[in-house]
Amino acid sequence: MRDPYEVLGVPRSANAAAIKSAYRKLAKKYHPDTNKNDPKAAARFAELNSANEIIGDEDKRKQFDSGEIDADGKPRFQGFPGGGARGRAGGFETHTFRTGGGGAGAGFGGGGFEDILNSMFGAAARGGRAGAGGGGARFEFDPGTMAMDLDLSVAMTVSLEEAVKGAEKRVRLPTGKELNVKIPPGVVAGQQIRLKGQGETAPGHPPGDLLITVSIAPHAFFKIDGSDLRLDLPITLYEAVLGGKVRVPTLGSAVELSIPKNTSSGRTFRLKGKGLPKTGGNGDLLVTTRIMLPDGNNAELEALMQKWREAHPYNPRSDFS
């Protein structure tokens with residue numbers, strides 16, 4: 001991933017409040033729900049989340065700034081234990097070896113070979129690896145202990161129904177490989193799914209993991225509000241005036257909602273437990289009525305409204321004055 005400061009567009013000197021503000025602004029701008037025609041929005045949104053996880057967290061930010069972790073939060077190779085900061089170049093400690101006489105300290109600036117090993121690797125690192133005689137000690141370096149980032153990151157968009165009920169989706173990796181991935185029920189936007197051992201491979205290293213960042217595609221009817229769902233429900237003028245029962249879609253089967261007489265457009269009704277899964281149950285479905293007039297001009301309706309206006313005038317905007 002790119003430098004998280006660059007991703008969020010903030011300088012390295014930015015305080016926590018500035019980072020939080022930048023993240024919220026960009027997350028709102030690039031959220032997949034508001035960019036349904038942009039195929040790159042989900043990946044951009046996932047990158048913002050990853051950047052915020054690094055520099056939006058005080059401890060991780062300190063580790064990143066000091067070079068302990070990389071932009072993906074993975075530990076960086078910091079050289080050999082016990083080496084200290086002296087003489088390091090590119091994370092490795094540099095020692096100059098000179099040829100000389102056969103004394104224990106000859107050729108190493110006055111220190112024995114074991115001292116050099118102690119300096120570079122620590123005495124514990126050599127345990128059980130020294131030669132049996134009083135001659136030169138032997139150290140076997142295992143290149144597999146060096147950190148290597150073999151993880152892969154991809155974005156996946158699922159429907160609201162798939163997020164709630166779970167599904168099996170096929171994903172294509174940057175390597176060209178394709179996998180069937182089981183999406184667990186109750187997944188939320190921005191959540192990461194980790195598949196162990198499905199990342200890149202390298203000789204002498206365990207395979208990396210596959211990190212899948214999930215986004216939820218905009219729904220034709222419902223809008224997500226935390227664990228609740230919101231729905232605009234069109235009703236007729238006579239249903240608003242006279243009341244009645246209307247069918248309301250849910251993520252399950254449709255239900256009937258009783259509309260009281262004289263219901264204004266914009267009135268919200270709460271259907272308990274018809275929202276998204278959450279700890280201890282489900283959220284609610286919030287249904288807001290929207291009065292819809294018939295298409296086209298209707299002379300009979302216009303005549304009725306003119307007569308009614310003359311007999312029953314009222315001003316619903318009186319509070320504005």
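**Exercise 1. Find which residue lies over the face of Tyr30, and at what distance from the ring centre.**

Solution. Arg44 lies over the face of Tyr30, 4.8 Å from the ring centre. The rule for a charge over a ring: NZ of Lys or CZ of Arg is within 6 Å of the ring centre and within 35 degrees of the ring normal.

A note on the model. This is a predicted model, in which local features need pLDDT of at least 70 and side-chain atom pairs count only at pLDDT 80 or more, while totals for chains, interfaces and linings use all residues. Residues are numbered from 1 along each chain as its sequence is written, and side-chain values use heavy atoms, with hydrogens and water left out.

**Exercise 2. State the mean pLDDT of the protein chain, then describe residues 80–110 and 123–134.**

Solution. Step one: pLDDT is the predictor's confidence in each residue, from 0 to 100. The chain has a mean pLDDT of 80, and 78% of its residues reach 70 or more. Step two: residues 80–110 have a pLDDT below 50, and this stretch has 49 contacts in the model beyond near neighbours in sequence. A contact means heavy atoms within 4.5 Å. Step three: residues 123–134 also have a pLDDT below 50, with 12 contacts beyond near neighbours in sequence. Where pLDDT is low, the predicted coordinates should not be read in detail.

**Exercise 3. Classify the aromatic pair of Tyr5 and Phe64, and say why the pair gets that class.**

Solution. Start with the count: the whole structure holds three aromatic pairs. The rings of Tyr5 and Phe64 have centres 6.1 Å apart and planes at 40°, so this pair is tilted. The cut-offs: rings of Phe, Tyr and Trp (its six-membered ring) pair if their centres lie within 6.5 Å; planes under 30 degrees apart are stacked, over 60 edge-to-face, the rest tilted. Tyr5 belongs to helix α1 (residues 4–8) and Phe64 to helix α4 (residues 58–65), so the pair ties together parts 59 residues apart in sequence. Helices (H or I, at least four residues) and strands (E, at least two) are DSSP runs, numbered from the N terminus. Now check burial. Tyr5 is buried at 3% relative accessible area, and Phe64 is buried at 8%. Buried means under 20% relative accessible area, exposed over 50%, partly exposed in between (1.4 Å probe, protein chains only).

**Exercise 4. Describe the pair of Trp308 and Tyr314.**

Solution. Trp308 and Tyr314 pair edge-to-face, at 6.1 Å centre to centre and 90° between the planes. Trp308 is partly exposed at 41%. Tyr314 is exposed at 62%.

**Exercise 5. Locate the salt bridge of Asp209 and Arg194, and name the network that holds both.**

Solution. The search finds 18 salt bridges in the whole structure. Each is a side-chain nitrogen of Lys or Arg within 4 Å of a carboxyl oxygen of Asp or Glu. Asp209 and Arg194 meet at 2.9 Å, N to O. Asp209 sits in the loop between β6 (192–195) and β7 (210–216), and Arg194 in strand β6, so the bridge ties together parts 15 residues apart in sequence. Asp209 is buried at 9%, whereas Arg194 is partly exposed at 40%.

Compare another bridge, Asp284 with Lys272, at 3.9 Å, N to O. Asp284 is buried at 10%, but Lys272 is exposed at 66%.
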